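Visitor: I would like to learn how to read a model of this kind, one feature at a time. Please take me through some cases.

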Amino acid sequence: MLYSPELLPKSAQRKLDRWIRHYPGLTERLAELGKQPGARCYTPAQVREIVEALGEP
């Protein structure tokens, strides 16, 4: 929601998922950190990876 506050939660999640898939290597790195396909919650380590890749929301 922080990256797309103007969207409904489900739409914001889909948009974040698209950005994650688009960023080279991010999907794989999150999987290494334990992210399951379709998961909607992230661990602190996963959040750090997302912020490092996409920048601060």
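Visitor: Where is the place of Ser 4?

Guide: Ser 4 sits in the segment before H1. The model is a predicted one, so every value here is computed from its atoms.

Visitor: Is Ser 4 buried or exposed?

Guide: A residue counts as buried when its relative accessible area is under 20%. Ser 4 has a relative accessible area of 2%, so Ser 4 is buried.

Visitor: Which residues is Ser 4 in contact with, leaving aside its neighbours within four places in sequence?

Guide: With those neighbours set aside, Ser 4 is in contact with Ala 12, Lys 15 and Trp 19.

Visitor: How many aromatic pairs does the structure hold?

Guide: There is one aromatic pair in the structure. A pair of aromatic rings is described by the distance of the centres and the angle of the planes. Here the partners are Tyr 3 and Trp 19, with 5.9 Å from centre to centre and 85° between the planes. Planes over 60 degrees apart count as edge-to-face, and the pair of Tyr 3 and Trp 19 is edge-to-face.

Visitor: Which parts of the chain does the pair link?

Guide: The pair links distant parts of the chain. Tyr 3 belongs to the segment before helix H1 (9-22), while Trp 19 is in helix H1, and the two are 16 residues apart.

Visitor: What are the relative accessibilities of the two partners?

Guide: Partly exposed is the class between buried and exposed. Tyr 3 counts as partly exposed because its relative accessibility is 23%. Trp 19 is also partly exposed, with a relative accessible area of 31%.

Visitor: Where does Leu 54 lie, and what is Leu 54 in contact with?

Guide: Leu 54 is part of helix H3. Apart from neighbours within four places in sequence, Leu 54 is in contact with Tyr 3, Leu 16, Trp 19 and Tyr 23. The relative accessible area of Leu 54 is 28%, so Leu 54 is partly exposed. As for distance, Leu 54 and Glu 32 are 22 residues apart along the chain, and their C-alpha atoms are separated by 18 Å.

Visitor: Which residues does Glu 49 touch, not counting residues up to four places away in sequence?

Guide: Glu 49, in helix H3 (residues 44-54), touches Leu 26, Arg 29, Leu 30 and Leu 33 under that condition. Its relative accessibility is 19%, and the cut-off for buried is under 20%. Glu 49 therefore counts as buried.

Visitor: Is Lys 10 buried or exposed?

Guide: Exposed means a relative accessible area over 50%. Lys 10, found in helix H1, counts as exposed because its relative accessibility is 61%. Between Lys 10 and Gly 25 there are 24 Å in space, C-alpha to C-alpha, at 15 residues apart in sequence.

Visitor: What is the class of Ala 31 by relative accessibility?

Guide: Ala 31 belongs to helix H2 (residues 26-32). At 45% relative accessibility, Ala 31 counts as partly exposed.

Visitor: Now the whole protein. How many helices and strands does the secondary structure come to?

Guide: The count is three helices and zero strands, and from the N terminus on the elements run α-α-α. The protein is as compact as a globular protein of its length, because its radius of gyration of 11 Å is close to the 10 Å that the globule rule gives for 57 residues. Along the principal axes, the C-alpha trace spans about 30 × 20 × 20 Å.

Visitor: How are burial, contacts and surface summed up for the protein?

Guide: Of the 57 residues, 21% count as buried. Among contacts with a separation of 6 or more, residues 24 or more positions apart account for 42%. The protein exposes about 4,300 Å², and carbon and sulfur atoms supply 58% of that area.

Visitor: How many positive and negative side chains does the protein have?

Guide: There are 9 positive and 7 negative side chains. The centres of the two sets lie 9 Å apart.

Technical notes:
Residues are numbered from 1 along each chain as its sequence is written. This is a predicted model: local features need pLDDT of at least 70, side-chain atom pairs count only at pLDDT 80 or more; totals for chains, interfaces and linings use all residues. Side-chain values use heavy atoms; hydrogens and water are left out. Helices (H or I, at least four residues) and strands (E, at least two) are DSSP runs, numbered from the N terminus. The radius of gyration is taken over C-alpha atoms; the globule rule is 2.2 Å times the number of residues to the power 0.38. Buried means under 20% relative accessible area, exposed over 50%, partly exposed in between (1.4 Å probe, protein chains only). Contact means heavy atoms within 4.5 Å. Accessible areas come from the Shrake-Rupley method with a 1.4 Å probe; for residues, only the protein chains shown count as cover. Lys and Arg count as positive and Asp and Glu as negative; His and the chain ends are not counted. The place of a charge is taken as NZ of Lys, CZ of Arg, CG of Asp or CD of Glu. Rings of Phe, Tyr and Trp (its six-membered ring) pair if their centres lie within 6.5 Å; planes under 30 degrees apart count as stacked, over 60 as edge-to-face and the rest as tilted.
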